[in-house]
Amino acid sequence: MTDCVLDITLPVDLKTQNTGRGNRWFNSAKIRKQYEDSLADYRREPLEYPVRLEYTRILGAKQRAWDADNVALANKQLQDSLVALGWFHDDSPKWIPVISYRNDSTQRIHGPALRVRAFRDD
């Protein structure tokens, strides 16, 4: 495994969006903007190489683990906001070829939160 080039825990409580989304672009854009505004202090320069991302949803009190696809769905607007905040050039496979999703129930005292780790992939 390559070196971890980014490891940060963000104060984010992902909300499930597995409710039959339909044509709700406006809602997705609103959620992305809310994430971007709340994480404005986390602005950075984009990584100059492709990375494999690992998102870990740190559960808070009384939260249940989700299937990986639910974490991925809830995380989409957050990932778009991280692109807007300069973390990545974009979220295409050229820059982010692999993304994995996990739940962590062992750190509930620190949750809810989202740990983002990036590993160089070139």
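Tyr-101 is partly exposed in this predicted model, with a relative accessible area of 22%, whereas Tyr-55 is buried at 0% (buried, under 20% relative accessible area; exposed, over 50%; partly exposed, in between; 1.4 Å probe, protein chains only). The rings of Tyr-55 and Tyr-101 form a stacked aromatic pair, with 5.9 Å from centre to centre and 10 degrees between the planes. Rings of Phe, Tyr and Trp (its six-membered ring) are paired if their centres lie within 6.5 Å, and are called stacked with planes under 30 degrees apart, edge-to-face over 60 and tilted for the rest. Two aromatic pairs are counted by this rule. Tyr-55 belongs to strand 2 (residues 51-58) and Tyr-101 to strand 3 (residues 98-104), so that the pair links parts of the chain 46 residues apart. Strands (E, at least two residues) and helices (H or I, at least four) are DSSP runs numbered from the N terminus.

Strand 2 also contains Arg-52, which is buried with a relative accessible area of 19%. The side chains of Arg-52 and Asp-121 are joined by a polar contact of 3.2 Å (a pair of N or O atoms within 3.5 Å; within protein, one able to donate a hydrogen and the other to accept it, with residues adjacent in sequence counted only if both atoms are side-chain atoms).

Arg-57 lies over the face of Trp-66, at 3.6 Å from the ring centre, and Arg-44 over that of Trp-87, at 6.0 Å (NZ of Lys or CZ of Arg within 6 Å of the ring centre and within 35 degrees of the ring normal).

Residues are numbered from 1 along each chain as its sequence is written, and side-chain values use heavy atoms, without hydrogens and water. Because the model is predicted, local features need pLDDT of at least 70 and side-chain atom pairs count only at pLDDT 80 or more, while totals for chains, interfaces and linings use all residues.
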